[in-house]
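The sequence and structure are shown first.

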Amino acid sequence: MTTTDTLRKNRAGRGSGSRRPAWRRRETWAAYGFISPWIIGFLVFTAGPMIASLVLSFTNYDGIGASHTVGLANYRHLFEDPAVAKSLMNTLIFAVLRVPLSMAVALLLAMLLLRVGRASGFFRTLFYLPVMTPSVAVGILFLLLFNGNVGLINHVLGWFGISGPAWTTDGLWVKPGLVLTSLWSVGSTVIIYLAALKSVPRDLYEAAELDGVGRWNAFRHVTFPQISGTLFFTLIVNTIASLQTFTEAYTAFFGSSNSQTYSNDAALFYVVYLFQQAFQYTHMGYASALAWLLFLVILIITVVQTKVSKRFVYYEGDER
């Protein structure tokens, strides 16, 4: 082969290779076309409002008239407003109580479903149906079940000689009552845990049984590491949801018929206070600053959880 033939072959190879990026570009644009509805929705309904709220957080705006720039006044007021600290503390206490309890209950129910066998489909549906219940109805259900005088919970406790507390009026019991009510909707977490439990290799349990490992140690050394990634995912999701809790507490304690109950302070969660500032007092600029403070709190907590998770979350193929 002469030098000229070699040059021609190399040019032909470069020419054929240059067509591949064109195909790739077409495939890339096709992919963007498929995900464009999500991109448009994200820009219009998520990124756009976030940017708008950031701008509004530096203004005094009532939602109707013109806005007036106030600089960092709204953010300075966050540290001077006692309701911010109170609502944030209520929310953190609620999250600390709810997240581990809901995860434990969901995991227990998932492990029970794993042993049901053919009837698991029926019970999966049964456990998930409460998730479809509107949150407003759950708030009303809270008032009916946890009424200190005629509520079903205290009535059942009376069967065992236990005098139930005033769940809806005693500030000490308001948040525990709301936490127990939130267990109504653990069905989605149960389904996630059930899928994770089914994915654990059975040969690991067989090997543990041959080694004489008991059930608790099998759960600790086999089940928990295998589903730790799922547990971490639900920890993040449930924490964020708990920090943004709103509907049940607002329906039960801040509706038109409950606006004067003295237990309101115990149920004043952060998003409830944010809602009041935005739509009851029309302090849109201050409410936007509240929203960005909540975003910062959630971001910090999520980063801490991610850092801590490296110690206990196991991923297949991880060398640790």
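The model is predicted, so local features need pLDDT of at least 70 and side-chain atom pairs count only at pLDDT 80 or more, while totals for chains, interfaces and linings use all residues. Residues are numbered from 1 along each chain as its sequence is written, and side-chain values use heavy atoms, with hydrogens and water left out.

**Helix contacts of H10**

Helices (H or I, at least four residues) and strands (E, at least two) are DSSP runs numbered from the N terminus. Axes are lines fitted to C-alpha atoms, for helices over the stretch in contact, and angles run from 0 to 180 degrees between N-to-C directions. The axis of helix H8 (residues 187-198) comes within 9 Å of that of helix H10 (residues 215-243), and the two cross at roughly 160 degrees. H8 is therefore roughly antiparallel to H10; angles under 35 degrees count as roughly parallel, over 145 as roughly antiparallel, 65 to 115 as roughly perpendicular and the rest as oblique. The crossing of H8 with H10 is right-handed, a term for the near helix being turned clockwise from the far one by less than a right angle, with anticlockwise giving left-handed. In this contact (heavy atoms within 4.5 Å), H8 contributes Thr189, Ile192, Tyr193, Ala196 and Leu197, and H10 contributes Thr223, Ile227, Thr230, Leu231, Phe233, Thr234 and Asn238. Seven of these residues are nonpolar, five polar and none charged.

H10 also meets H13, with axes that come within 11 Å and cross at roughly 160 degrees. H10 and H13 are therefore roughly antiparallel to each other, and their crossing is right-handed. Phe232, Leu235, Ile236, Thr239, Ile240 and Leu243 of H10 make this contact with Leu294, Ile298, Ile301, Thr302, Gln305, Thr306 and Ser309 of H13. By class, the contact of H10 with H13 has eight nonpolar, five polar and no charged residues.

**Helix H12**

Helix H12 (residues 270-280) is largely enclosed by the rest of the structure, because eight of its 11 residues are buried. Buried means under 20% relative accessible area, exposed over 50% and partly exposed in between (1.4 Å probe, protein chains only). The buried residues of H12 include Tyr270, Tyr273 and Gln276, and they pack against helix H3 (82-116), H10, helix H11 (247-253) and helix H13 (284-309). Just after H12, Thr282 has a positive phi of about 55 degrees.

**Aromatic pairs**

The structure holds 17 aromatic pairs. Rings of Phe, Tyr and Trp (its six-membered ring) pair if their centres lie within 6.5 Å; planes under 30 degrees apart count as stacked, over 60 as edge-to-face and the rest as tilted. Two pairs are tabulated here.

| Pair | Centre distance | Plane angle | Class |
|---|---|---|---|
| Phe58 and Tyr75 | 5.4 Å | 45 degrees | tilted |
| Phe123 and Phe127 | 6.4 Å | 45 degrees | tilted |

Phe58 lies in the loop between helix H1 (3-56) and strand S1 (59-60), 17 residues from Tyr75 in helix H2 (residues 73-80). Phe58 is partly exposed at 29% relative accessibility. Phe123 and Phe127 are four residues apart in helix H4 (residues 120-128), about one helical turn. Phe123 is partly exposed at 30%, as is Phe127 at 24%. One aromatic cluster is formed by Phe142, Phe146, Trp167, Trp173 and Phe253.

**Leu144**

Leu144, in helix H5 (residues 135-145), is exposed, with a relative accessible area of 57%. Not counting residues up to four places away in sequence, Leu144 touches Gly151 and Leu152.

Definitions and conventions
Nonpolar A, V, L, I, M, F, W, Y, C, P; charged D, E, K, R; others polar.
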